[in-house]
Structure formats: structure tokens, C-alpha cells
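Dear colleague,

Please find below the sequence and structure that I am handing over to you. My findings follow directly after them.

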Amino acid sequence: MKISDARVIVCSPGRNFVTLKIETDEGLSGIGDATLNGRELAVASYLSDHVVPCLLGRDPQQIEDIWHYLYRGAYWRRGPVTMAAIGAVDTALWDIKAKAAGMPLYQLLGGRSRSGVMVYGHANGRDIEETVDEVLRYRDMGYLAVRAQSGVPGLNAVYGVGRGRMFYEPADAALPSEHDWSTEKYLDHTPRLFERLRQAVGWDTHLLHDVHHRLTPIEAGRLGKALEPYRLFWLEDATPAENQEAFRLIRQHTVTPLAVGEIFNTIWDCKDLIQNQLIDYIRATVVHAGGITHLRRIADLASLYQVRTGCHGATDLSPVCLGAALHFDIWAPNFGIQEYMRHTEETDAVFPHAYHYEQGMLYPGEAPGHGVEIDEGLAAKYPYQRAYLPVNRLAHDGTLWHW
Ligand code: CS2
Ligand code: MG
């Protein structure tokens with residue numbers, strides 16, 4: 001079998017997605033997600049201009065060799081653009097291999113380890129009471145776990161508070177919109193939010209929260225300690241993680257479980273966090289962490305230290321990534337939870353898929369491959385529209401902060 005064609009499809013059914021399609025001389029094809037929110041065209045060019053020429057004529061069954069050809073062979077290793085491109089190639093090749101075997105992808109990984117994939121939904125509100133209502137609504141939809149994010153009094157826009165219900169799309173403007181931030185207001189507000197949430201929802205629903213990189217380590221320790229009475233499933237991205245050692249300081253102050261890693265792109269970004277047991281969940285996922293091949297390595301390292309997986313699953317990761325991640329999730333021995341931000345109907349129409357939601361769980365389906373396709377004709381009706389993620393500035397003096 002040989003790769004006969006490979007092309008990049010950029011479309012925008014409600015938001016921008018980049019998809020790589022690889023075709024073979026035996027009529028099989030596979031697709032991979034290559035979406036990097038706010039930098040989509042960089043990955044599209046990396047693939048079209050630098051990767052695709054190297055793929056033509058290769059044996060698509062040599063997944064491992066092609067992974068290293070693209071990783072070691074690039075010389076300039078790692079980084080979000082490179083690893084999203086490698087992730088897309090890897091995902092498409094696993095899709096082809098599973099189709100050739102006539103099996104759902106999870107069977108090639110080692111078969112299912114659980115009946116379904118527990119997910120968490122996103123409840124957002126402008127204030128505490130609106131957030132409480134949204135968490136209760138998700139619980140009533142059967143979700144076992146819900147992430148709660150609310151507006152903070154005195155701030156104009158805060159991460160995670162969506163535009164309408166069910167969907168959240170942060171890339172909201174053709175140039176970065178500017179949000180303001182106050183750590184003090186946020187630290188005063190957030191414990192109140194979870195005290196109220198536990199009063200309203202009780203203890204049978206997992207509650208999660210995403211700090212989104214905005215605290216210093218000692219502030220994160222303070223917040224983790226303040227949230228201990230409300231037993232969070234995890235506190236996510238509590239502090240920027242370039243300095244993995246920073247999590248040691250948080251660990252010294254709180255037993256609230258810590259999750260990190262959605263912006264990681266290789267095992268090197270989380271090796272120390274995992275080996276020193278500074279975190280409880282690793283958020284890396286298929287599209288941004290080098291595909292199924294590399295994500296399995298991260299999960300296997302994590303399993304040695306009882307760190308569980310918690311794959312990123314925001315709207316800006318396409319149904320192709322979600323579909324492939326579900327096959328990884330149902331196999332992974334140290335699976336923890338899967339994020340599930342629903343895609344819009346127009347997105348789902350462009351990416352028909354075998355997975356489905358039922359009572360707090362996602363099921364990957366039994367279609368050969370990862371079970372997701374792309375309707376290229378429909379995709380062509382949604383041309384790319386430049387969209388940036390916001391930036392954050394400190395409210396009192398305008399210092400550019402972490403968004
Ligand atoms: C968030 C993401 O889902 C999450 O945990 O951190 O929504 C993140 O803001 C986006 O993926 C950025 O594009
Ligand atoms: Mg996050």
C-alpha cells in the first residue's frame with residue numbers, strides 16, 4: 001500500500017478547522033485533525049508545504065517510522081505547530097490502518113477497558129446563580145461531571161463564560177479582543193461559587209474548574225486550599241506550566257486534584273510533572289500532542305505514577321480529534337475523564353461521526369477506523385474566517401496577563 005495523495009482542508013462551519021486527508025493506492029483514506037485555535041493557517045502551511053511532499057509514495061502502514069521521520073527529520077523539534085501537523089498525519093494513518101483491518105481503532109490499541117467514556121460538560125454563567133442553574137441543567141441531562149465557570153463581579157469578560165448555552169467559542173474576533181483580569185476579585189469570588197454549587201447540586205456530581213493559567217503558584221495553592229471543602233474533581237491549569245517545578249509549590253499547600261496539559265505538545269512538557277507526581281490528570285490530547293502514537297507514550301508514563309488521562313475536548317478541537325480520542329479513552333488503562341464541549345450542528349454535518357452521547361458517557365461506535373469522516377463538498381461552503389483568541393490585561397494597570 002502507498003500514499004497516493006494527501007491534502008489539507010480548511011473550513012469554518014461555525015469556527016475554523018484544519019483537516020488532513022491521506023489517500024492510498026488501494027482506495028483507503030484516513031483523516032486527522034490539525035486545528036490550532038488562532039494559528040490554523042500556520043499548521044495548514046506546515047502540512048501542505050513541508051509534510052505532504054514527504055508523504056507521497058510512503059507505506060501508510062509504517063506509522064511509527066513516519067512519526068519519527070517527521071519528528072526527528074524536521075530537525076526543529078516540538079512546538080504546537082509541528083506537533084499538530086504530526087498529530088494529524090498520525091491520526092489519519094491510524095484511521096487507515098484500522099480501516100484496513102476492518103476494526104474500530106480501539107481494537108488495534110488493545111481493546112476496550114470500559115463500557116463507555118465518562119465526559120464532563122461545560123456550565124457557564126454570568127454570575128453564581130446563573131452558573132448554578134446551568135450546572136443543574138447539565139446534571140439533569142445526565143452528566144456525571146460538570147465544569148463550572150462564572151463571571152466575576154467587576155470584570156467585563158471572564159474565561160469560560162459562553163455566548164449562549166451549550167456552546168463556548170473563545171476565538172471571537174478577527175483581531176484579539178481584550179479582556180480584563182483581577183486575581184483578587186477572582187480569588188474572593190470562586191470559593192463562593194463552589195460553596196453555592198455544592199449546596200445546590202449535592203455531592204453526587206463531579207465539579208471541575210479551569211483557572212486557565214492565571215494564578216501564580218502560591219495563589220494557586222491558596223485557591224486549591226480554599227476549594228478543598230467542595231471536593232473538586234480537578235482544578236485545571238492552576239498556573240502556567242512552562243516551569244513544571246511550579247506545581248511543587250501548589251502541591252505543598254493543597255490536596256485539591258490538579259490537571260494540566262491541554263497546551264502541551266510532547267511528553268517532554270509533562271515528564272517532570274508526572275514523575276514527581278505533581279499532578280493528578282494529564283490533559284494532552286490527540287491533535288496537539290503528536291497523535292495516537294505519542295499520546296499513548298504519555299499515558300503509559302502517567303500510569304506508572306497513578307496519573308490519569310483527562311483529554312482536552314474543547315469546541316476548537318474538531319470532531320475528528322474527539323472521535324480519535326474516544327478510541328484512545330476507551331482503551332487507556334489509566335483513563336480519567338474526557339472533556340466534551342459539544343460542536344454546533346453545522347460542524348457535525350461537515351464531520352459525520354459514529355460516536356454518540358448517552359447519560360453522561362460518550363461511545364466511540366464500532367465503525368472501522370476512528371469513525372469520523374469529512375464531507376468535503378459541504379466543508380467547501382464554509383471558507384476560513386480569521387479569528388483570534390482574546391488577550392488578557394490586568395484591570396488596574398493594563399499589564400498583559402495570561403488569557
Ligand atoms: C479550555 C479551552 O476546554 C478547556 O479546558 O482551556 O476551551 C481553551 O480555552 C481553548 O481550547 C483555547 O482554544
Ligand atoms: Mg482548559
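In this predicted model, three strands form an open sheet in the order 1-2-3, and their pairing is antiparallel. The edges are taken by strand 1 (3–11) and strand 3 (29–33); each has a single partner strand, so one side of each is left without a neighbour in the sheet. On average, and with direction ignored, neighbouring strands of this sheet are turned by 20° against each other.

Strands of a sheet pair through backbone hydrogen bonds, in either a parallel or an antiparallel manner. Here, strand 1 and strand 2 (residues 17–24) run antiparallel and are joined by eight bridges.

Helix 3 (residues 80–101) lies across strand 1, strand 2 and strand 3, and runs at about 145° to strand 3.

I also looked at one histidine, His-294, which is located in helix 10 (residues 291–304). Is His-294 buried or exposed? Its relative accessibility is 7%, and buried means under 20%, so His-294 counts as buried. Apart from neighbours within four places in sequence, His-294 is in contact with Trp-67, Asn-265, Thr-266, Ile-267 and Ala-289. Thr-344 lies 50 residues from His-294 along the chain, and the C-alpha atoms of these two residues are separated by 29 Å.

With kind regards

How values were computed. Residues numbered from 1 in each chain as written. Chains lettered and ligands numbered in written order. Predicted model: local features only at pLDDT ≥ 70, side-chain atom pairs only at ≥ 80, totals over all residues. Heavy atoms only, no water. Helix = DSSP H or I, 4+ residues; strand = E, 2+ residues; numbered from the N terminus. Buried < 20%, exposed > 50% of the residue type's maximum accessible area, 1.4 Å probe, protein only. Contact = heavy atoms within 4.5 Å. Pairing = 2+ DSSP bridges. Axes fitted to C-alpha atoms, helices over the stretch in contact; angles between N-to-C directions.
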